[in-house]
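Welcome! Take a moment to look over the sequence and the 3D view below, and then we will walk through some of the main features together.

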Amino acid sequence: MMSQTFNNTQPIYLQMVRRICLQVVRGELKAGDKLPSVREMAVQNGVNPNTVQRVYTELERLAIAETRRGLGSYITEDEERLKRLREDLKNEQIDTFIKDMSEMGFSAEEILDGVRQKLLITKAGRV
Amino acid sequence: MTEHIVSFSQVTKRYLGKLALNNVSFQLPRGRIIALVGPNGSGKSTILKLIAGLVRPSQGSVTVCGKKPGRRIAGEVAYLSELDALYPFFTVEETINFNAGLFADFDHQKAQEILHFMQLEPDKKVRHLSKGNRGRLKILLALSRRAPLLLLDEPLAGLDPLVRDSIIKSMISYLDLREQTVLMSTHEVSEVEPALDLVISLSNGQIKGMEEVERIREQYGLSLVDWMKETLAK
């Protein structure tokens, strides 16, 4: 019942677009899945219906969703597009990480070493 | 259908010589949820009353749905007063029926849906309702009307967080923004923020800022509360 919270210094529509993209990448939303109606989505998230309309327009512009006349919005069935979305989110996350690490003065070698070790530990002991 | 649902042109309002609004001009687009924010006494209620036709401008002109507001605007404007305007001796059901008789655009079906959503008991007398449930009943009465313009004066004031949440949720669920526009005054800015399209900040009877809420975040990276502080400090 409680609505999801949003960071109130960023546009809500962008935060919602991102959440839906993450749901797609995690497999919670699959190719061809129907998205809730504008009103349902607005109520679920406690946001203005005009904002949700903007979210769906943006997803359509990004070719991640498509609107079928009179039926609502659906996640695209273009698997290639969804693969690219997954790559984009991966690269975005890695870029942010590398930027933060470089700013703290770590070299490429140190970063790679750190990541490799951490992944090995996680694999072995599931930290 | 004109593009703007409300238009103020150089409006000044005095109450017994006391200046409430000082030469204010603005226009409101249709199909939006708009908030009036600002300190007590800044002119929020006066703007709502001028639109509802409950008071007249001392100078300037107000146009609502292409007309000058007066007694007959009540058919096109639903007004939720900040005062307790319910009859205590009616039950919830009787209050709904009474309002259905008053307003031709009252949607009985919608009223029943909201009644259920708000979990209000139809047989309970208004005088036995908690303050929170009176707040819920008031918003039910406003949202049950198919009026093109809803004016809500402090619909969240003095209510607990759960009630405020249910009121905001019911607005999102039951408004029809293709046909309706909402103008509400509030102090609960951060709570209502995700539901808003536009915000107008007022101080000392003058408009200090009017902006789309998503633009405030996009352009300035500010929350609405911070933007208010900035505009009101001007």
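## A sheet in chain B

Let's begin with a pair of strands in this predicted model. Strand E1 (residues 4–15) of chain B runs antiparallel to E4(B), and 5 bridges join the two.

## Where the two chains meet

Now let's turn to the interface. Here, 23 residues of chain B are in contact with 19 residues of chain A. The area buried between chain B and chain A is about 1,800 Å², and carbon and sulfur atoms give 51% of it. Which three residues supply more than any other three of the area that chain B buries against chain A? They are B:Lys169, B:Ile172 and B:Glu214, which supply 33% of that area.

Between chain B and chain A, 10 residue pairs are in polar contact, counting pairs with both residues at pLDDT 80 or more. On the side of chain B that touches chain A, the elements that give two or more residues are helix H5 (161–174) and helix H7 (213–220) of chain B. The largest share, 5 residues, comes from H5(B). The residues on this side of chain B divide into 10 nonpolar, 4 polar and 9 charged.

## Charged partners

Side chains of opposite charge can pair when their charged atoms come close. Over all chains, the structure holds 19 salt bridges. Across the interface of chain B and chain A there is 1 salt bridge. In it, the side chains of B:Glu218 and A:Arg54 meet, at 3.6 Å from N to O.

Another salt bridge joins A:Glu92 and A:Arg18, whose closest N and O atoms are 2.5 Å apart. A:Glu92 lies in helix H4 (residues 79–103) of chain A and A:Arg18 in helix H1 (residues 12–25) of chain A, so this pair ties together parts that are 74 residues apart in sequence.

Notes. Residues are numbered from 1 along each chain as its sequence is written. Chains are lettered from A and ligands numbered from 1 in the order in which they are written. This is a predicted model: local features need pLDDT of at least 70, side-chain atom pairs count only at pLDDT 80 or more; totals for chains, interfaces and linings use all residues. Side-chain values use heavy atoms; hydrogens and water are left out. Contact means heavy atoms within 4.5 Å. Buried area is the accessible area (1.4 Å probe) that two parts lose on being put together, summed over both. A salt bridge is a side-chain nitrogen of Lys or Arg within 4 Å of a carboxyl oxygen of Asp or Glu. A polar contact is a pair of N or O atoms within 3.5 Å; within protein, one must be able to donate a hydrogen and the other to accept it, and residues adjacent in sequence count only if both atoms are side-chain atoms. Helices (H or I, at least four residues) and strands (E, at least two) are DSSP runs, numbered from the N terminus. Ala, Val, Leu, Ile, Met, Phe, Trp, Tyr, Cys and Pro count as nonpolar, Asp, Glu, Lys and Arg as charged, and the others, Gly among them, as polar. Two strands pair if DSSP finds at least two bridges between them.
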